[in-house]
Amino acid sequence: MINFLKQHPLILMLPLAFFLYNLAFENTAIFWYMYTFATLILMSLAIIFVKIFDELATWKLLVYGIIFGTLLYGIFFAGYQLFLLTPLDVAGSIETFLSRFSPVSIWHYLLLMFIIVPGEEIFWRGLVQQKLKQYVSTPIAILTSSLLFGLALALGGFWFGALAGIVVSLILGFLYEWKKSLPVIIVAHLVMIVLLFLIMPLSI
């Protein structure tokens, strides 16, 4: 049984991930504590089960990370502008979400940079996506892991963020398979976060 779980860790890891994400989104007062805790647990377990790829020179991963991080922000921004043209209350949804879960202090940003972003990539791209490749083709594994990540984010009740998470995950998933470098997708994710929350936040 133990050997079976070692070979197929997603049987336990995915229910655990959804349970921890649900706990994190349940109480906004302790969201940052719980989300960080959830990410630490999932990241730690993921490191046990998978090999982390890092096959790019430092300068190359920085270049690719900055380019793709900027691209991700551009896609996020363009999607937001398109949704504003629809009858859907996207601005209201984003405003509500940000008022509940947005980083507001320096330590929130430090948690994002050093725990949450690396942890999400290690778990969803490093573990979930790689283990899914045991059962399905690589493109299907990328799509499935992206949809699962979006569903996990949807537990926060933020449908636009869940959709954006799926799109971002698809791009990062293909980038990981292409460049075989976890640091490059972490850098891309960080660049997107910095642009989105600090440099060019969405005007609501």
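Analyst: UniProt positions follow the numbering used here, feature names are shortened, and annotations may be inferred rather than shown by experiment. This is a predicted model, with residues numbered from 1 along each chain as its sequence is written. Local features need pLDDT of at least 70 and side-chain atom pairs pLDDT 80 or more, while totals for chains, interfaces and linings use all residues; side-chain values use heavy atoms, without hydrogens and water.

User: Where does UniProt place the feature "transmembrane region"?

Analyst: The unreviewed entry places it at residues 30-50, 62-86, 106-127, 147-176 and 182-202. Two of these spans can be set beside the model. Residues 62-86 are 92% helix and 0% strand, with end C-alpha atoms 37 Å apart. Residues 182-202 are 86% helix and 0% strand, with end C-alpha atoms 28 Å apart. Helices here are DSSP runs of H or I, at least four residues; strands are runs of E, at least two; numbering starts from the N terminus.

User: How do you know that the span of helix α3 agrees with its number of residues?

Analyst: The expected span is 1.5 Å times one less than the number of residues. Helix α3 (residues 31-49) has 19 residues, so it should span 27 Å; its end C-alpha atoms are 27 Å apart, and the two agree.

User: Why is Thr 36 called buried?

Analyst: Buried means under 20% relative accessible area, exposed means over 50%, and partly exposed lies in between (1.4 Å probe, protein chains only). Thr 36 has 8%, so it is buried. Thr 36 sits in helix α3. Leaving aside neighbours within four places in sequence, Thr 36 is in contact (heavy atoms within 4.5 Å) with Leu 111, Ile 115 and Ile 116.

User: What do the buried residues of α3 pack against?

Analyst: They pack against α2 (10-26), α5 (90-101), α6 and α7 (138-154). Among these buried residues are Phe 31, Trp 32, Tyr 35, Leu 42 and Met 43.

User: What makes the nonpolar surface patch?

Analyst: Ile 30, Tyr 33, Ile 106, Trp 107, Leu 110, Met 113 and Phe 114 make it, covering about 740 Å². Patch residues have over 30% relative accessible area and no salt bridge; nonpolar side chains (Val, Leu, Ile, Met, Phe, Trp, Tyr) are joined within 5 Å, like charges within 9 Å. Areas come from the Shrake-Rupley method. Helix α6 (residues 106-132) gives the largest share, five residues. Trp 107 lies in that helix. Its relative accessibility is 35%, so Trp 107 counts as partly exposed.

User: How many salt bridges does the structure hold?

Analyst: Three. A salt bridge needs a side-chain nitrogen of Lys or Arg within 4 Å of a carboxyl oxygen of Asp or Glu. Glu 121 and Arg 125 qualify, with closest N and O atoms 2.8 Å apart. Both lie in helix α6, four residues apart, about one turn of the helix.

User: Why are Glu 121 and Arg 125 called buried?

Analyst: Glu 121 has a relative accessible area of 0%, so it is buried. Arg 125 has 1%, so it is buried too.

Key:
Accessible areas come from the Shrake-Rupley method with a 1.4 Å probe; for residues, only the protein chains shown count as cover.
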